[in-house]
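Please read the following briefing alongside the sequence and the model. It begins with one residue and then moves through the topics in turn.

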Amino acid sequence: MKNLILMTAAICGIALAGCANTGAKYEPIADGPVSVTYAADLESCQQLATERGYINDDTKTNAAIGAGLGALAGIADDDVSDTEGAIAGAVVGAIAGGSAGMLETREQRRQVVIDCMKGRGHPVVG
């Protein structure tokens, strides 16, 4: 069970490191001519997107739900004691739930950049 926890933590860490800040650094596709203010507005919109932190209430909630479900699944595992199963399941569930929340935040940051650029009058499509 310890190997499962370590492997899950390593995979999630690598995956999250690979997409760190990618949502906020997103560059939308322009549908039409680009104005002279495009680059400055893009930088401002990207900076605005970073205000949505990865460790936010939604991510914490996802981690807590994942921990609860993981603990229940761990208790159901007949190969280990209930305590070991609950702890291991909670750790794996929290990592998985937190990772899912962070990926949602990444998409929200990307959408902030798109909406901000549209709000500033740039013809972007995503």
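In which helix does I65 lie? I65 lies in helix α3, where helices (H or I, at least four residues) and strands (E, at least two) are DSSP runs, numbered from the N terminus. The model is a predicted one, in which local features need pLDDT of at least 70 and side-chain atom pairs count only at pLDDT 80 or more, while totals for chains, interfaces and linings use all residues. Residues are numbered from 1 along each chain as its sequence is written, and side-chain values use heavy atoms, with hydrogens and water left out.

**Overall architecture**

- The secondary structure of the protein chain consists of four helices and zero strands, and the order of the elements from the N terminus on is α-α-α-α.
- Of the 126 residues in the protein chain, 35% count as buried, a class that means under 20% relative accessible area, as against exposed at over 50% and partly exposed in between (1.4 Å probe, protein chains only).
- Among the contacts of the protein chain with a separation of 6 or more, 76% come from residues 24 or more positions apart, a contact being defined as heavy atoms within 4.5 Å.
- The protein chain exposes about 7400 Å², of which carbon and sulfur atoms supply 61%; accessible areas come from the Shrake-Rupley method with a 1.4 Å probe, and for residues only the protein chains shown count as cover.

- I65, L69, L72 and I75 form a nonpolar patch on the surface, and together they have about 400 Å² of accessible area.
- Patches are made of residues with over 30% relative accessible area and no salt bridge, with like charges joined within 9 Å and nonpolar side chains (Val, Leu, Ile, Met, Phe, Trp, Tyr) joined within 5 Å.
- I65 is partly exposed, at a relative accessible area of 47%, and I75, which is placed in helix α3 (residues 57-76), is likewise partly exposed, at 39%.
- Although I65 and A94 are 29 residues apart in sequence, their C-alpha atoms are 7.4 Å apart in space.

- D41 has its place in helix α2 (residues 38-49) and is buried, with a relative accessible area of 14%.
- The side chains of D41 and R120 meet in a salt bridge with an N to O distance of 3.4 Å, the term requiring a side-chain nitrogen of Lys or Arg within 4 Å of a carboxyl oxygen of Asp or Glu.
- Because D41 lies in helix α2 and R120 in the segment after α4 (82-119), the pair ties together parts that are 79 residues apart in sequence.
- While D41 is buried, R120 counts as partly exposed at 41% relative accessibility.
- H122 also lies in the segment after α4 and is buried, with a relative accessible area of 7%.
- The side chain of H122 makes a polar contact of 2.6 Å with the side chain of D41, where a polar contact is a pair of N or O atoms within 3.5 Å, one of which, within protein, must be able to donate a hydrogen and the other to accept it, and where residues adjacent in sequence count only if both atoms are side-chain atoms.
- Not counting residues up to four places away in sequence, D41 touches M117, R120 and H122, and H122, with its neighbours within four places left aside, is in contact with S35, T37, Y38, D41 and M117.

**Other salt bridges**

- The count of salt bridges comes to three by this rule.
- One of them joins the side chains of D58 and R52 at 2.9 Å, N to O; D58 is partly exposed, with a relative accessible area of 39%, and R52 is partly exposed, with 28%.
- E107 forms a salt bridge with R110, their closest N and O atoms being 3.0 Å apart, and since these residues are three apart in helix α4, about one helical turn separates them.
- E107 counts as partly exposed at 36% relative accessibility, and R110 counts as partly exposed at 24%.

**Helix α4 and its end**

- Helix α4 has 38 residues and reaches 54 Å from its first C-alpha to its last, close to the 56 Å expected at 1.5 Å a residue, the expected span being 1.5 Å times one less than the number of residues.
- G121 follows α4 and has a positive phi, near 90°.
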